[in-house]
Amino acid sequence: MRVAVTGGLGFIGSAVLRHLLSDIDEDTPEVLNIDRGTYAATTGAVAAVSHLANYRQANVDIADGEALRTTLEDFEPDAVVHLAAESHVDRSIDGPGEFVRTNVVGTFEILQAARLEAERRSILDQFRFVHVSTDEVFGSLTMDAKPFDETTAYDPRSPYSASKAASDHFVRAWHETYGLPTIITNCSNNYGPFHFPEKLIPLMIIKARAGQPLPVYGTGDNVRDWLYVEDHARAIVGALRRGQPGETYAIGGNAERSNLEVVETICDLVDEAEGDSVGGRRELITFVKDRPGHDLRYAIDSSKAQRELGWKPSVDFTEGLRRTVDWYVANESWWQPLLDERYAGERLGTSAGEARR
Ligand code: NAD
Ligand code: TYD
């Protein structure tokens, strides 16, 4: 199999590539990593596989249709796994335009390029297009509501989730209208190695180690359903190999935690890792002004994926968080340059009300 992966220098895309290229139970595909290299991209995330003969990389912007078409024509993929996106809700509040460009226009361009390439080689029916999306397209749950599943109505509320919802609709349209065999996954919040330090878990680990204030938005009662990134990568590859064209799969970790619980646990794990008395770092927790339009709760019922893809989460949250803290402690050489050169840990997403593109 020849698989083009978009966004493979990012957090989840790199985990997909590492999994695809190291899974000894399956045939190893030829892969092409299509990534424009935004602030969120690092070559360190693919260092474990990028030396392999069946790994290739193309520095292409998915919003550039012409470049994409040439790239796919050269590579001749049998499948596309599409992860390239702007992924941070807070940045989408400050600058929504880039989210429309990459997540909406970019998804249109990769769909169109994949379709043209599959038609060119007369392999439309066998082709697979896996679109990696988020549970945030379903909006915000109340505390007692049942978790999202594949039947939940779309109700996005942030510029990020609106752009991802739009992309999901385009994917479905390319299946219904042009017969492109598409599969959509809607996954809950991920965490683990190579997570860009703007996101809650890595940001708190890094700030807790440095003894800096830990900014918890609002009351800290917002709930997310956390999935270890390698489990998500297995689900995506499962959808590629065993998913039914036209179907959607909800993927989640069965690990709902309030933000405050998550940050408190990180504090204790960092205390432990640094050899300090456990509990001390909880003093750093600082409640700050809430995120505009902050979704209260996300949760996923992944029984369809478990039934039909033969997948289930394998890393429980306590174990996964411990591994993640240990990874950030051991891999300062990966994240410190990002803080020095790309993002210094400042608050993002407070500019609602100011008009910006
Ligand atoms: P990320 O921000 O870590 O990485 C995104 C990657 O896409 C980067 O390497 C970046 O360079 C690349 N990219 C961005 N714009 C591009 C463009 N125009 N052309 C080519 N490449 C471009 O994101 P992530 O957290 O790994 O998320 C990957 C996908 O998974 C996204 O589609 C996201 O919506 C989805 N998702 C993320 C989560 C999560 O918790 N992080 C959960 C569910 C779904
Ligand atoms: P985030 O990692 O940005 O993911 P998402 O918004 O896609 O769920 O945030 C996870 C949760 O943590 C979300 O409820 C917002 C909250 N949060 C904070 O409380 N403080 C922070 O500094 C950040 C980045 C997030």
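**Entry 1: strands β2 and β3**

I began with the pairing of β2 and strand β3 (residues 55-58), which run parallel and are joined by 4 bridges. I noted that the model is a predicted one. I then looked for the partner of isoleucine 34 in β3, and found alanine 58.

Next I turned to the other neighbour, strand β1 (residues 2-6). I found 5 bridges between β1 and β2, and these two strands also run parallel. Here threonine 6 has isoleucine 34 as its bridge partner in β2. I followed the chain from β1 to β2 and passed through helix α1 (residues 11-22). This β-α-β crossover is right-handed.

How many residues of strand β2 are buried? I got 4 of its 5 residues, so I wrote down β2 (residues 30-34) as mostly covered.

**Entry 2: the whole sheet**

I wrote out the strand order: β3-β2-β1-β4-β5-β6-β11. These 7 strands form an open sheet, and the pairing is parallel. Which strands are at the edges? They are β3 and β11 (248-251), and each pairs on one side only.

I picked one more pair to check. Strand β5 (residues 128-134) and strand β6 (residues 182-187) are joined by 6 bridges and run parallel. Valine 130 has isoleucine 183 as its bridge partner in β6.

Then I looked for a helix lying over the strands. Helix α7 (residues 229-242) lies across β1, β4 (79-82), β5, β6 and β11. Its direction is at about 145° to β5.

**Entry 3: leucine 111**

I located leucine 111 in helix α4 (residues 96-120). Is leucine 111 buried or exposed? Its relative accessible area is 0%, so leucine 111 is buried. I listed its contacts, leaving out residues up to four places away in sequence: Phe129, Phe170, Val171, Trp174, Leu180 and Thr182.

I also took a distance across the model. From leucine 111 to glutamate 332 is 37 Å, C-alpha to C-alpha, and the two are 221 residues apart in sequence.

**Entry 4: helix α11**

Glutamate 332 took me to helix α11 (residues 332-341). Which residues are buried in this helix? I found Trp334, Trp335, Leu338 and Leu339. Seen down the axis of α11, these buried residues fall within an arc of 115°, so they line one face of the helix.

What do the buried residues of α11 pack against? They pack against α6 (200-210) and α10 (317-330).

**Entry 5: the cores**

I looked up the largest nonpolar core, and it has 37 residues. The residues with the most contacts inside this core are Ile201, Leu214, Ile266 and Phe317. Each of α6, β8 (214-217), α8 (259-273), α10 and α11 supplies at least two residues of this core. Which element gives the most? It is α8, with 7 residues.

I then took phenylalanine 317 alone. Not counting residues up to four places away in sequence, phenylalanine 317 touches Tyr191, Ile201, Trp226, Ala255, Arg257 and Val262. There is also a second, separate core, which has 35 residues. Leu21, Leu83, Val132 and Ala235 are included in this second core.

I first noted the rule for phi: most residues other than glycine have a negative value. Glutamate 76 has a positive phi of about 55°, although it is not a glycine. Glutamate 76 lies in the loop between α2 (65-75) and β4. Its relative accessibility is 35%, so glutamate 76 counts as partly exposed.

Serine 122 also has a positive phi, near 50°. Where does serine 122 lie? It is in the loop between α4 and β5. At 62% relative accessibility, serine 122 counts as exposed, because the cut-off is over 50%.

Last, I checked threonine 28, in the loop between α1 and β2. Threonine 28 counts as partly exposed, at 42% relative accessibility. Leaving aside neighbours within four places in sequence, its contacts are Leu20, Leu21 and Asn54. The C-alpha atoms of threonine 28 and arginine 2 are separated by 9.3 Å, and the two residues are 26 residues apart along the chain.

How values were computed:
Residues numbered from 1 in each chain as written. Chains lettered and ligands numbered in written order. Predicted model: local features only at pLDDT ≥ 70, side-chain atom pairs only at ≥ 80, totals over all residues. Heavy atoms only, no water. Buried < 20%, exposed > 50% of the residue type's maximum accessible area, 1.4 Å probe, protein only. Contact = heavy atoms within 4.5 Å. Arc of directions from axis to C-beta. Pairing = 2+ DSSP bridges. Right-handed = clockwise from strand over helix to strand, strands pointing away. Core = buried A, V, L, I, M, F, W, Y, C linked by side-chain atoms within 4.5 Å. Axes fitted to C-alpha atoms, helices over the stretch in contact; angles between N-to-C directions.
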